[in-house]
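Open the model in your viewer and keep a selection tool at hand.

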Amino acid sequence: MTETSAALATVSGVSSGERKINICSINEMITCKICSGYLVDATTVTECLHTFCKSCIVKHLEDNIHCPECEVMIHQSHPLDYIAFDRTMQDIVYKLVPGLEDSEYKREREFYEERGLPCPKDMELEPGKEEEEEEEHDE
């Protein structure tokens, strides 16, 4: 990096080694092609590597066996077996979109609370609870 560009980067509030990215320039890469919203529970089709919100792709696959973006056949009889949670993509979305993770966390809990149901993600956070129950059954 030249001295001039380093000085400009420092003046604009960006230190060396960091770059500001305009969210609009990468927006299409972190949004779902089905709902047009930011990816939530990012889920990738293993056949073509296109990524969608989990709820969007699961709903799509109820009536269709093709990728909604490229039309490749996912699987003739069991398309849901050929999609996978994409933690890396979801982490990227949450880092690039301030407040999205917190608002989704809150929205999901409200959904389950209104219906008087336990939130599946809260159950995932309690791994010790299953171990305690198994120990009680063994006694």
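Predicted model: local features only at pLDDT ≥ 70, side-chain atom pairs only at ≥ 80, totals over all residues.

Setting aside residues within four places in sequence, histidine 50 is in contact with Thr43, Thr44, Val45, Cys67, Glu69 and Cys70. Its place is in the loop between β1 and β2. Is histidine 50 buried, partly exposed or exposed? Its relative accessible area is 21%, so it counts as partly exposed, the cut-off for buried being under 20%.

Most residues other than glycine have a negative phi. Leucine 49 has 64% relative accessibility and therefore counts as exposed.

Look for glutamate 71 in the loop between α3 and β3 (83-85). Its relative accessible area is 52%, so glutamate 71 is exposed, the cut-off being over 50%.

Go next to valine 45, one of the contacts of histidine 50. Which residues does valine 45 touch, not counting those up to four places away in sequence? They are His50, Phe52, Ile57, Ile74, Tyr82 and Ile83.

From valine 45, widen the view to the largest nonpolar core, which has 19 residues. Select Cys32, Val45, Phe52, Ile57 and Val93 to show the residues with the most contacts inside this core. Then colour β1 (42-45), β2 (51-53), α3 (54-63) and α4 (87-96), each of which supplies at least two core residues. The element that gives the most is α3, with three residues.

Finish with the whole protein in cartoon view. There are seven helices and three strands, and from the N terminus on they run α-α-β-β-α-β-α-α-α-α. Of the 139 residues, 24% are buried. Switch to a surface view: the accessible surface comes to about 10,400 Å², and carbon and sulfur atoms account for 51% of this area. If you display contacts between residues at least 6 apart in sequence, 36% of them join residues at least 24 apart.

Conventions
Residues numbered from 1 in each chain as written. Heavy atoms only, no water. Core = buried A, V, L, I, M, F, W, Y, C linked by side-chain atoms within 4.5 Å. Buried < 20%, exposed > 50% of the residue type's maximum accessible area, 1.4 Å probe, protein only. Helix = DSSP H or I, 4+ residues; strand = E, 2+ residues; numbered from the N terminus. Contact = heavy atoms within 4.5 Å. Areas by Shrake-Rupley, 256 points an atom, 1.4 Å probe, with all protein chains shown as cover.
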